[in-house]
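Let's take a walk through a protein model together. Keep the 3D view open and follow along.

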Amino acid sequence: MTPQQIRHSINRKEVEIERLKYQLDFGSADGFVPSIIPKLMDETCRAFQIEETALLSSSRRSYLVTARATLATVAYKKGVTLEAIAEHLNRDHSSVINLVHDFDNRMKNFPEWGEKMRMVVNFFN
């Protein structure tokens with residue numbers, strides 16, 4: 001084999017290794033939810049005293065959006081992809097981007113929810 005063929009073979013093996021690592025850490029790319037998401041869902045619902053169905057609903061009530069922003073931000077900071085978070089929350093990834101970007105503003109502007117947000121964040125730190 002030529003050096004170029006060896007490099008190509010190594011690159012293919014590295015890609016395969018990364019894919020396998022992803023599957024071990026987060027499940028397959030075909031919709032399996034990373035293991036942190038159910039735990040995070042439970043803790044978010046407990047902290048905000050809401051049902052999972054409310055969190056996953058299409059409601060835009062402030063406290064539910066704040067709970068979703070908390071869940072999305074913690075999951076994203078723990079390495080879960082935007083797409084995986086979006087799939088679990090029944091939203092598109094651009095909505096999750098907005099939730100993550102809006103987290104700090106919600107922490108400042110909604111002090112009544114700030115403690116609940118910190119409870120979830122601290123639980124996973």
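Below is a short tour, from the overall layout down to single residues.

## What you're looking at

First, the ground rules: this is a predicted model, where local features need pLDDT of at least 70 and side-chain atom pairs count only at pLDDT 80 or more, while totals for chains, interfaces and linings use all residues. Residues are numbered from 1 along each chain as its sequence is written, and side-chain values use heavy atoms, with hydrogens and water left out.

The protein chain has seven helices and zero strands. Reading from the N terminus, the pattern is α-α-α-α-α-α-α. Here helices (H or I, at least four residues) and strands (E, at least two) are DSSP runs, numbered from the N terminus.

## Inside and outside

The protein chain has 125 residues, and 34% of them count as buried. Buried means under 20% relative accessible area, exposed means over 50%, and partly exposed is in between (1.4 Å probe, protein chains only). The accessible surface of the protein chain comes to about 8,000 Å², and 53% of that belongs to carbon and sulfur atoms. Those areas come from the Shrake-Rupley method with a 1.4 Å probe; for residues, only the protein chains shown count as cover.

What about contacts along the chain? Take the contacts between residues at least 6 apart in sequence: 58% of these join residues at least 24 apart. Contact means heavy atoms within 4.5 Å.

## The nonpolar core

In soluble globular proteins, nonpolar side chains tend to be buried together. A nonpolar core is a set of buried Ala, Val, Leu, Ile, Met, Phe, Trp, Tyr and Cys residues joined through side-chain atoms within 4.5 Å. In this model, the largest nonpolar core has 31 residues, and Phe48 and Ile85 touch the most other members. The elements giving two or more residues to this core are α2 (36-48), α4, α5 (82-89), α6 and α7 (111-123). Helix α4 gives the most, with eight residues.

Which residues does Phe48 touch, leaving aside its neighbours within four places in sequence? Phe48 is in contact with Tyr63, Thr66, Ala67, Thr70, Trp113, Lys116, Met117 and Val120.

Start with Thr70, which sits in helix α4. Thr70 counts as buried because its relative accessibility is 0%. Not counting residues up to four places away in sequence, Thr70 touches Phe48, Phe103, Met117 and Val120.

Next comes Glu43 in helix α2. Glu43 is at 7% relative accessibility, so Glu43 counts as buried. Leaving out residues up to four places away in sequence, Glu43 touches Met119, Val120, Phe123 and Phe124. Glu43 and Phe123 are 80 residues apart in sequence, but their C-alpha atoms are 8.0 Å apart in space. Then there's Ala86 in helix α5, which counts as buried at 3% relative accessibility. Apart from its neighbours within four places in sequence, Ala86 is in contact with Arg91, Asp92, His93 and Val96.

## Two loop residues with positive phi

Gln49 lies in the loop between α2 and α3 (52-56). Its phi is near 55°, a positive value in a residue other than glycine. Is Gln49 buried or exposed? Gln49 is exposed, with a relative accessible area of 67%.

Asn90 lies in the loop between α5 and α6. Phi of Asn90 is near 60°, a positive value in a residue other than glycine. Asn90 is exposed, at a relative accessible area of 54%. The C-alpha atoms of Asn90 and Ser57 are separated by 8.3 Å, and the two residues are 33 apart along the chain.

## The largest pocket

Rolling a probe the size of a water molecule over the atoms shows where empty space is left. On a 1 Å grid over the protein atoms alone, a pocket is an open set of points where a 1.4 Å probe fits, with protein on both sides within 12 Å along at least five of seven lines; lining residues have an atom within 4 Å of a point. About 160 Å³ of space lies in the largest pocket.The largest pocket is lined by Ser58, Ser59, Arg60, Val65, Arg68, Arg91, Ser95, Asn98 and Leu99. By class, the lining has two nonpolar, four polar and three charged residues. Here Ala, Val, Leu, Ile, Met, Phe, Trp, Tyr, Cys and Pro count as nonpolar, Asp, Glu, Lys and Arg as charged, and the others, Gly among them, as polar. As for the volume, grid points are joined across faces, edges and corners, and the space counted is that filled by probe spheres set on the points.
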